[in-house]
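Have the sequence and the 3D view ready, and follow along from one site to the next.

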Amino acid sequence: MVGNWKMELSHKAAVECARAIKKMLSSVEVSADVVVCPSYPALPEVAEIFKNSEKVGVGAQHVHWEETGAVTGAVSVLQVSAFAQWCIVGHSEQRELLGMSEEHVRDTARLLLTHGITPIVCIGETFTERQREETVSRVTQQMEVLLAGLTRPGISKLVVAYEPIWAISSQNMGETPEPAAVAEVALLIRKLTATKFGGDAAERLRVIYGGSVKPDNVAAYVSEPGVDGALPGNASTMVSQFVEIVKQVQKAAE
Ligand code: PGA
């Protein structure tokens with residue numbers, strides 16, 4: 001369960017949100033990995049809040065694919081590694097902002113793994129690609145580039161988030177994929193992984209779904225075979241919704 005707070009919360013609101021999540025989850029049994037991803041300036045404070053938490057980990061929303069360099073405004077893995085155990089990679093909003101290529105996504109994931117940070121790599125088709133029925137070819141192309149740059153041990157730490165761009169709430173299309181369609185893509189992702197690294201690696205790979213995840217639809221997604229979790233954005237910035245999503249996922253896993 002990865003909460004992507006995007007740029008939705010002020011610094012103060014992010015810290016308050018983290019404190020409230022900690023408090024509300026204290027009485028909830030959580031066996032899944034729960035992660036919150038604040039903006040960079042809030043990372044140290046949010047990391048401090050969850051320092052000894054067994055329930056919630058902290059992630060960054062992006063890092064640059066180079067470790068260091070003259071890149072004004074960018075943030076390196078070296079600057080987040082003290083605070084984050086997880087990092088979103090290749091979110092469609094970052095891909096668009098930075099012109100991030102599949103190779104950049106692959107390099108970022110590889111770099112994070114060398115620093116012991118779990119990459120949560122976002123892939124998925126655009127609205128136009130979906131209309132042209134290119135979901136399979138798009139996801140295949142994205143996975144092939146990613147897999148070509150990783151090793152078997154890396155795969156067992158990786159999280160792939162299938163996030164169809166048209167389903168993200170800010171796109172205002174009001175549509176989400178059928179849970180069964182998400183399961184089909186998750187199966188495709190595992191098949192491609194198995195072809196390169198074998199069945200065991202494909203099983204260990206975690207595949208999650210993102211795109212307008214809410215308390216009332218998350219159970220349907222995570223109940224599908226091969227769908228291990230979810231990546232809510234908007235709903236994760238509302239404490240009660242995020243906690244309810246965690247509860248729903250927990251219930252679905254029991
Ligand atoms: P959403 O965002 O849940 O608001 O659709 C998900 C994401 O973009 O990661």
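Helix α4, spanning residues 92-98, gives the largest pocket the largest share of its lining, namely four residues. Please keep in mind as you look that this is a predicted model. In total, 22 residues line the largest pocket. If you want to find its centre, look for Tyr-40, Gln-61, His-62, Gln-94 and Leu-97, the lining residues that lie nearest to that point. The space here amounts to a volume of about 550 Å³.

Now move over to the second largest pocket, which holds about 320 Å³ of space. Its lining consists of 18 residues, and those nearest the centre are Met-1, Ala-32, Asp-33, Asp-228 and Gly-229. Two elements to pick out here are β7 (206-210) and α12 (239-253), each of which supplies at least two residues of this lining. Of the lining of the second largest pocket, α12 provides the largest share, with four residues. Sorted by class, the lining of this second largest pocket has twelve nonpolar residues, along with three polar and three charged ones.

With the pockets in view, let's turn to the ligand. Where does the ligand sit? You will find it in the largest cavity. Around the ligand there are 13 residues, and Lys-6, His-91, Ser-169, Ser-212 and Gly-233 are the ones that come nearest. The shell around the ligand is made up of seven polar, four nonpolar and two charged residues.

Ser-169, one of the residues that come nearest, places a polar side-chain atom 2.5 Å from a ligand oxygen. Gly-233 is also among those nearest residues, but here a backbone N or O atom takes part, at 2.8 Å from an oxygen atom of the ligand. Asn-4 uses its side chain, where an N or O atom is 3.2 Å from an oxygen of the ligand. How much of the ligand does the protein bury? On its own the ligand exposes 280 Å², and 99% of that is buried by the protein.

Conventions
Residues are numbered from 1 along each chain as its sequence is written. This is a predicted model: local features need pLDDT of at least 70, side-chain atom pairs count only at pLDDT 80 or more; totals for chains, interfaces and linings use all residues. Side-chain values use heavy atoms; hydrogens and water are left out. A residue is near a molecule or strand if one of its heavy atoms lies within 4 Å of it. A polar contact is a pair of N or O atoms within 3.5 Å; within protein, one must be able to donate a hydrogen and the other to accept it, and residues adjacent in sequence count only if both atoms are side-chain atoms. Accessible areas come from the Shrake-Rupley method with a 1.4 Å probe; for residues, only the protein chains shown count as cover. On a 1 Å grid over the protein atoms alone, a cavity is a set of points where a 1.4 Å probe fits but cannot get out, and a pocket is an open set with protein on both sides within 12 Å along at least five of seven lines; lining residues have an atom within 4 Å of a point. A molecule sits in a cavity or pocket if more than half of its atoms lie within 2 Å of its grid points. Ala, Val, Leu, Ile, Met, Phe, Trp, Tyr, Cys and Pro count as nonpolar, Asp, Glu, Lys and Arg as charged, and the others, Gly among them, as polar. Grid points are joined across faces, edges and corners, and a volume is the space filled by probe spheres set on the points.
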